[in-house]
Amino acid sequence: MRLAIIGGGISGLFAARLLHRNHEITVFESGSYAGGHTNTVDVVVGGKTVAVDTGFIVHNDRNYPLFISLMNELGVTTQDSEMSFSMSCELSGLEYCGSTLNTLFAQRRNIVNPRFIGMLREILRFNKLSDQLLSAPDDQNLIGFLQEHGFSGAIVDDYLVPMAAAIWSSEPSQILDFPAAYFGHFFHNHGLLSINDRPQWKTIPGGSRSYVGPLTEPFRDRILLNHAVNLVERDANGVEVITADSQRARFDGVVFACHSDQALRMLARPTQQEIEVLGAIPYQHNETILHTDIRLMPRTRLAWASWNYHRFANDSGHVSVTYDMTHLQHLHASERLLVTLNATDKINPERVLQRIDYEHPVYNRESVAARGRWQEISGVNRSYYCGAYWGYGFHEDGMRSAVSVVEQLDSPRQAAA
């Protein structure tokens with residue numbers, strides 16, 4: 001089949017790698033590079049060029065089997081990293097890092113802080129309720145579960161919401177609307193409902209882009225960069241892809257490996273099911289700054305972590321988190337290299353190295369329910385859908401959804417069609 005693959009992120013590239021042997025593929029990428037959120041930026045610090053990841057940063061040895069298998073196949077090496085988490089609140093002055101007892105009580109006054117000690121007790125109680133969390137009804141959101149079991153105050157405001165908002169780059173106000181079981185399964189799979197059973201996190205030396213070249217080598221001449229797709233028209237005989245510069249190309253089918261909202265906008269005549277499913281999975285914008293302003297790290301040096309969540313006095317409502325890339329990637333640079341979401345006005349402009357805009361999927365009961373309707377739209381009307389948004393929004397989810405699309409395309413039913 002002649003297939004158009006729209007989107008050059010991990011989902012589209014992995015689908016292309018699996019499909020190119022048996023199909024004639026063309027990958028349409030609107031940007032100037034292949035990789036999507038795999039976006040490594042070269043910056044010069046102290047006269048030395050350093051490769052810094054700004055989107056996809058880490059994976060682990062437990063939850064990324066497809067990605068690890070691909071890295072082994074490509075001969076791409078990885079290195080151990082540390083996924084520590086800190087929380088810093090301008091309103092209360094609270095700062096802590098959850099790595100060790102020493103960093104947990106980075107502010108020694110918290111040893112006798114009733115609210116903080118109470119939070120630690122409630123975390124242990126929350127973890128013990130993991131079975132109830134995992135089996136929560138589909139229509140119960142996180143706030144409903146917390147209220148049912150009497151959780152409130154610090155465990156919600158200073159622990160669960162900050163950690164989840166940092167993980168999903170999601171607005172804090174949206175976290176409590178997560179389906180409880182969906183939230184619980186992610187936390188359980190990543191060892192976040194226990195003290196010691198945590199996976200080993202890893203990064204890629206030289207930046208995550210190191211895998212993109214080997215991944216795309218067999219079909220790199222089939223990737224069209226700077227080719228944004230404006231419209232996709234489908235008929236009984238095939239699919240027509242119309243790009244932003246009005247070029248038209250015919251295909252037998254189309255793989256939408258872009259975001260859900262982008263796919264819906266491209267469809268000339270979406271079906272009712274596509275409107276309902278894709279329209280229920282929105283994305284949100286997160287402004288991302290690569291910089292060297294250490295004022296964005298916690299004031300208490302002992303509380304510095306790999307992921308540093310901020311709650312500012314003039315809270316914008318957006319998630320704000322700073323990733324310590326020097327620590328995460330084991331970078332050798334004369335200054336601390338940091339990536340911060342949604343706190344541009346807090347960063348010294350003279351310390352800014354790069355500005356990037358990313359979009360992340362929004363998770364709530366409606367969008368999670370829509371994800372369960374994938375088979376209603378994928379494989380129908382010559383259209384196939386893959387993307388990290390079909391899972392938890394991470395690299396492995398994107399690859400898993402690509403495998404599902406390939407299985408649809410290579411099924412006997414499709415071959416006979």
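**View 1. Ala 263 in helix H11 (residues 260–266)**. The model is predicted: local features need pLDDT of at least 70 and side-chain atom pairs count only at pLDDT 80 or more, while totals for chains, interfaces and linings use all residues. Residues are numbered from 1 along each chain as its sequence is written, and side-chain values use heavy atoms, with hydrogens and water left out. Ala 263 counts as buried at 0% relative accessibility (buried is under 20% relative accessible area, exposed over 50%, partly exposed in between; 1.4 Å probe, protein chains only). Apart from neighbours within four places in sequence, Ala 263 is in contact (heavy atoms within 4.5 Å) with Phe 256, Cys 258, Leu 278 and Tyr 385. From Ala 263 to Cys 89 the C-alpha to C-alpha separation is 38 Å, and the two are 174 residues apart in sequence.

**View 2. Packing of helix H2 (residues 65–74) with helix H16 (residues 395–409)**. The axes of H2 and H16 are 8 Å apart, at an angle of about 85°; axes are lines fitted to C-alpha atoms, for helices over the stretch in contact, and angles run from 0 to 180 degrees between N-to-C directions. H2 and H16 are therefore roughly perpendicular to each other (65 to 115 degrees; under 35 is roughly parallel, over 145 roughly antiparallel, the rest oblique). Pro 65, Leu 66, Phe 67 and Leu 70 of H2 meet His 395, Glu 396, Met 399, Arg 400 and Val 403 of H16. The residues of this contact comprise six nonpolar, one polar and two charged (Ala, Val, Leu, Ile, Met, Phe, Trp, Tyr, Cys and Pro are nonpolar, Asp, Glu, Lys and Arg charged, and the others, Gly among them, polar).

**View 3. The aromatic pair of Trp 307 and Tyr 323**. The whole structure holds 23 aromatic pairs; rings of Phe, Tyr and Trp (its six-membered ring) pair if their centres lie within 6.5 Å, and planes under 30 degrees apart are stacked, over 60 edge-to-face and the rest tilted. With ring centres 5.0 Å apart and planes at 90°, Trp 307 and Tyr 323 form an edge-to-face pair. Trp 307 is in strand E16 (residues 307–311) and Tyr 323 in strand E17 (residues 321–324), so the pair ties together parts 16 residues apart in sequence. Trp 307 is buried, at 12% relative accessible area, and Tyr 323 is buried, at 7%.

Key
Helices (H or I, at least four residues) and strands (E, at least two) are DSSP runs, numbered from the N terminus.
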